[in-house]
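I would ask you to have the sequence and the model in view while I speak.

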Amino acid sequence: MVKICCIGAGYVGGPTMAVIALKCPNIQVAVVDISTARINAWNSDTLPIYEPGLDEVVKKCRGKNLSFSTDVEKHVAESDIVFVSVNTPTKTQGLGAGKAADLTYWESAARMIADVAKSNKIVVEKSTVPVKTAEAIEKILTHNSKGINFSILSNPEFLAEGTAISDLLNPDRVLIGGRETPEGKKAIEALRDVYAHWVPVDRILCTNLWSAELSKLAANAFLAQRISSVNAMSALCEATGADVSQVAHAVGKDTRIGPKFLNASVGFGGSCFQKDILNLVYICECNGLPEVATYWKQVIKVNDYQKTRFVNRIVSSMFNTVSGKKIAVLGFAFKKDTGDTRETPAIDKIFNDMQKPAFVFDGRNVVDAEKLRKIGFIVYSIGKPLDDWLKDMPAVA
Ligand code: NAI
């Protein structure tokens with residue numbers, strides 16, 4: 001029986017391994033983490049993260065071929081394939097601070113694998129890492145390998161929080177990068193066999209290591225770039241009387257562009273886009289490509305501009321000061337799944353209790369602005385024709 005271990009029981013490691021366990025009953029999957037609290041939660045009825053469908057998958061497999069443990073070394077030593085899915089946040093100090101990915105957790109995981117391994121292993125980069133990380137990881141693993149053979153693969157994860165389980169069950173593609181050597185090809189095949197339990201083989205893309213590592217950063221950069229592009233248009237819509245939803249609809253009908261990721265909003269959030277683009281910018285700078293770095297940096301600058309513009313709109317509408325005023329934030333999560341306020345009866349209640357004039361600033365264009373206006377609110381929707389009040393109180397970013 002093939003044994004898989006995943007280091008890092010987070011938003012990626014937990015759901016990914018649960019789906020592998022579900023689809024591969026012949027594979028034993030252990031998810032390990034240094035955080036006792038997280039592992040205890042994975043072993044309880046209240047999982048540490050919420051994802052639609054995750055509970056059911058975990059309940060089906062836990063205690064059969066899926067386990068969660070803090071005994072990191074034991075499970076790593078026993079496994080044939082080790083996924084590393086630890087966090088790779090932006091560095092806060094030292095060389096590349098504010099941009100480069102912090103690989104401290106990755107490095108310590110790799111050193112531990114090298115220390116405890118007693119048999120050959122395939123080590124899989126699941127975390128999002130800078131291109132060329134596999135080269136450094138190989139050096140750490142082989143430096144002290146006692147004759148053990150390690151094959152490194154890059155298998156970046158493309159799931160989106162909120163739809164993780166359906167993304168994993170039905171992925172657009174699975175990407176596996178490896179060395180173009182006989183051992184490298186054998187390792188790619190072994191991992192491809194795991195995914196082939198449920199993913200059609202034409203959706204399993206095999207590339208060299210650097211293409212796989214870079215593709216993840218490139219995919220997130222392209223997705224974020226679409227958000228910043230439509231958000232930049234939203235500012236122009238407000239200035240001209242155009243409606244960003246109508247513009248996005250018309251633009252997205254072009255099959256070369258497509259309709260997805262064209263909703264104007266208060267900007268992208270979450271743990272990945274900003275960190276991964278900053279990382280990409282840093283890599284470009286390190287490779288002597290300042291123009292390319294500047295191009296991608298602009299995606300983040302527009303995102304910051306959009307957030308600032310939204311806040312400035314709030315402040316200027318309320319006579320340029322918010323001191324002493326109460327502001328309620330509805331939908332604090334970064335995904336529409338959890339921040340949807342459509343049709344909520346609470347909004348009419350809220351209006352009666354509010355000081356007048358009462359405002360709603362919709363950063364995701366999810367509320368029914370017309371309904372709210374009928375109740376008496378002044379409504380700001382990103383990229384939409386402005387209420388007279390807002391026209392009289394122009395905001396500058
Ligand atoms: P997370 O922070 O939820 O989980 C990482 C886990 O790794 C933590 O529980 C931490 O305790 C554990 N860990 C750190 N060092 C360890 C060590 N040496 N030994 C054992 N456990 C250790 O992070 P998340 O969100 O799961 O992300 C992981 C990676 O996947 C990151 O590189 C991220 O960029 C990438 N990614 C994240 C996605 C997301 O939607 N969250 C989507 C695709 C990729």
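This is a predicted model: local features need pLDDT of at least 70, side-chain atom pairs count only at pLDDT 80 or more; totals for chains, interfaces and linings use all residues.

Let me begin with a question: in which loop is the place of Phe-261? Phe-261 sits in the loop that runs between α10 (244-252) and α11 (273-286). Its backbone deserves attention, for Phe-261 has a positive phi, near 60°, in a residue other than glycine. With 16 C-beta neighbours inside 10 Å, Phe-261 is classed as partly exposed, because that class lies between 12 or fewer neighbours for exposed and 20 or more for buried.

Lys-132 is not a glycine, yet its phi is positive, at about 90°. Lys-132 lies in the loop between β5 (121-125) and α6 (133-143). Lys-132 too counts as partly exposed, since it has 15 C-beta neighbours inside 10 Å.

One further backbone feature concerns a proline. The peptide bond leading from Lys-356 to Pro-357 is cis, and its omega is near 0°. Pro-357 belongs to the loop between α14 (346-353) and β9 (359-362).

Let me now step back to the chain as a whole. The protein chain has 397 residues, of which 39% count as buried. Its secondary structure comprises 16 helices and 10 strands. The C-alpha trace spans about 75 × 50 × 40 Å along its principal axes. Taking contacts between residues at least 6 apart in sequence, 72% join residues at least 24 apart.

I turn next to helix packing. Two packed helices are described by the angle between their axes and the distance between the axes.

The opening pair is helix α1 (residues 13-23) with helix α3 (residues 54-61), which pack at an angle of about 50° with their axes 9 Å apart. At that angle α1 is therefore oblique to α3. The crossing of α1 past α3 is left-handed. On the α1 side the contact is made by Pro-15, Ala-18, Val-19, Ala-21 and Leu-22, and on the α3 side by Leu-54, Val-57, Val-58, Lys-60 and Cys-61. In terms of class, this contact of α1 with α3 holds nine nonpolar residues, no polar ones and one charged.

How many of the 11 residues of α1 are buried? The count is 10 of the 11, so α1 is largely enclosed by the rest of the structure. The buried residues of α1 include Gly-13, Gly-14, Thr-16, Met-17 and Ile-20.

The next pair is helix α9 (residues 209-240) with helix α12 (residues 290-317). Their packing angle is about 45°, and their axes are 9 Å apart. The angle makes α9 oblique to α12. α9 passes α12 in a left-handed crossing. From α9 the contact draws on Ala-221, Ala-224, Gln-225, Ser-228, Asn-231, Ala-232 and Ala-235, which meet Trp-296, Val-299, Val-302, Asn-303, Gln-306 and Arg-309 of α12. Sorted by class, the residues of this contact of α9 with α12 are seven nonpolar, five polar and one charged.

α9 also takes part in the last pair, with α10. The axes of α9 and α10 come within 9 Å and cross at roughly 135°. α9 and α10 are therefore oblique to each other. Here the crossing is right-handed. The contact joins Val-230, Met-233, Ser-234 and Cys-237 of α9 to Val-244, Val-247 and Ala-248 of α10. Its classes, for α9 with α10, are six nonpolar, one polar and no charged residues.

Finally, I come to the ligand. Which of the 27 residues around the ligand come nearest? They are Gly-8, Gly-10, Tyr-11, Val-12 and Ser-127. Helix α5 (residues 104-116) contributes the largest share of the shell around the ligand, namely three residues. By class, the shell holds 12 nonpolar, 11 polar and four charged residues.

With 14 other C-beta atoms within 10 Å, Arg-111 is partly exposed. Arg-111 and Gly-8 lie 103 residues apart in sequence, and their C-alpha atoms are 15 Å apart in space.

Thank you; I welcome your questions.

Terms used
Residues are numbered from 1 along each chain as its sequence is written. A residue is near a molecule or strand if its C-beta atom, placed from the backbone, lies within 6 Å of it. Helices (H or I, at least four residues) and strands (E, at least two) are DSSP runs, numbered from the N terminus. Ala, Val, Leu, Ile, Met, Phe, Trp, Tyr, Cys and Pro count as nonpolar, Asp, Glu, Lys and Arg as charged, and the others, Gly among them, as polar. Axes are lines fitted to C-alpha atoms, for helices over the stretch in contact, and angles run from 0 to 180 degrees between N-to-C directions. Angles under 35 degrees count as roughly parallel, over 145 as roughly antiparallel, 65 to 115 as roughly perpendicular and the rest as oblique. A crossing is left-handed if the near helix is turned anticlockwise from the far one by less than a right angle, and right-handed if clockwise. Two residues are in contact if their C-beta atoms, placed from the backbone, lie within 7 Å.
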